[in-house]
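Biologist: I am new to this structure and would like to learn how to read it. Could we go through it one feature at a time?

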Amino acid sequence: MEKEIKRNCKKIQSEKAGKTQTETKLSDKIKPESVTDTLNTSKKKTTTKTKISISKIQRFSTADGPGIRTTVFFQGCNLRCKWCHNPETQSTKSTFLTFCDERKEISGKAMSVKEIFSIIKKDVDFYEISEGGVTLSGGEPLLQADAAKKLLSLCKQENISTIVDTAGAVPFENFLKVLPVTDLFYFDIKASDSKKYLSFTGGDFSLIRENLIRLTKTGARVEVCVPLILGVNTDASSRNKIANLLKTAGINDIILLPYHKYGISKYKALGRNYEFERKKLTPSSVIEKTKEFYRQKGFTLKTRK
Ligand code: SF4
């Protein structure tokens, strides 16, 4: 498998060679002086024995940001989105899955920062060639912000690009902890108002809204991810409210994610009911209309690849 990936990497490398000189690696784009300072300090402070509760580590991921990435899925989330496709990551405790074919999996084990980083480092050549890196996802990585910071600091010391994928429902101090060592935030906006947020995710929209606005004010690079779900956020009123929030926050980049049901088998494996089992998938006509709406409002549509 590695040989095949190396071949693909060479292809990517030759394609990249044709790009303009203004294009740089993610890690080069955001490196204010304060970041370098913090890195120098955090070198001394980093304790690699610190444990992180993780669900799994996925190497060679191509759907969690640019290039080839290692995605670390954190265990534990404080939201309960009705469409969640990673329900095994929600509990802070270890979770056991038994699939129809008798396959068993455990989500949730404690690994030290050092152990996780040793896995990340294995693919450093691939990150370099493909302009990839590391993505912290979950679950909610910012519920373990101190440990996440330690892991991200090690990545930055090795010049590995870093992304934090968050639903934003955490105290703002948690953002501040990882800010100096995060190149890009993927920030989910799942609904357009407090009522819908509470009903579909259990989350506090006012906290999430405020965090988004405060985060962009720090100068952090942020792309907002919106899962397109009928009855939740694809109607005209919801689209307008989300667009207004993004304008207020000064966000230009948006990632629209079509809703899928890939997580159904996991609910069954967990012995849980999937509330959105009968939910209609978002028709392509609605997806196209929504894309056109955000484009016309002046947003840049990005992908997570
Ligand atoms: S924030 Fe993500 S991990 Fe948490 S419940 Fe929602 S979709 Fe699932």
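This is a predicted model: local features need pLDDT of at least 70, side-chain atom pairs count only at pLDDT 80 or more; totals for chains, interfaces and linings use all residues.

Biologist: Which residues touch the most other members of the largest nonpolar core?

Modeller: Ala-148 is one of them, along with Leu-151, Val-178, Phe-185, Phe-187 and Val-224, in a core of 62 residues. Helix α6, residues 145-157, gives the most to this core, with seven residues.

Biologist: How many helices and strands does the protein chain have?

Modeller: The chain has twelve helices and eleven strands. Of its 305 residues, 40% count as buried. Among contacts between residues at least 6 apart in sequence, 75% join residues at least 24 apart.

Biologist: How do I read a single helix?

Modeller: Begin with the general idea. An α-helix has 3.6 residues a turn, so residues three or four places apart point the same way.

Biologist: Which residues of α9 are buried?

Modeller: They are Phe-205, Ile-208, Asn-211, Leu-212, Leu-215 and Thr-216. These residues cover an arc of only 130 degrees around the axis, so they are on the same side of α9. The face turned away from that buried side carries the exposed residues Ser-206 and Lys-217.

Biologist: What span should α9 have, and how far apart are its end C-alpha atoms?

Modeller: At 1.5 Å a residue, the 13 residues of α9 (205-217) should span 18 Å, and the end C-alpha atoms are 18 Å apart, so the two values agree. After α9 comes Gly-219, with a positive phi near 95 degrees.

Biologist: Is a loop residue such as Phe-299 buried or exposed?

Modeller: Phe-299, in the loop between α12 (284-296) and β11 (300-302), is buried, because 20 other C-beta atoms lie within 10 Å. Beyond its neighbours within four places in sequence, Phe-299 is in contact with Leu-246, Asn-252, Ile-254 and Tyr-294. Phe-299 and Lys-247 are 52 residues apart in sequence, yet their C-alpha atoms are 9.1 Å apart in space.

Biologist: Which residues come nearest to the ligand?

Modeller: Of the 13 residues around the ligand, Cys-77, Leu-79, Cys-81, Cys-84 and Ala-167 come nearest. The shell divides into five nonpolar, six polar and two charged residues.

Technical notes: Residues are numbered from 1 along each chain as its sequence is written. Helices (H or I, at least four residues) and strands (E, at least two) are DSSP runs, numbered from the N terminus. The expected span of a helix is 1.5 Å times one less than its number of residues. A residue is buried if 20 or more other C-beta atoms lie within 10 Å of its own, exposed if 12 or fewer, and partly exposed in between; C-beta atoms are placed from the backbone. The arc is that of the directions from the helix axis to the C-beta atoms. Two residues are in contact if their C-beta atoms, placed from the backbone, lie within 7 Å. A residue is near a molecule or strand if its C-beta atom, placed from the backbone, lies within 6 Å of it. Ala, Val, Leu, Ile, Met, Phe, Trp, Tyr, Cys and Pro count as nonpolar, Asp, Glu, Lys and Arg as charged, and the others, Gly among them, as polar. A nonpolar core is a set of buried Ala, Val, Leu, Ile, Met, Phe, Trp, Tyr and Cys residues joined through C-beta atoms within 7 Å.
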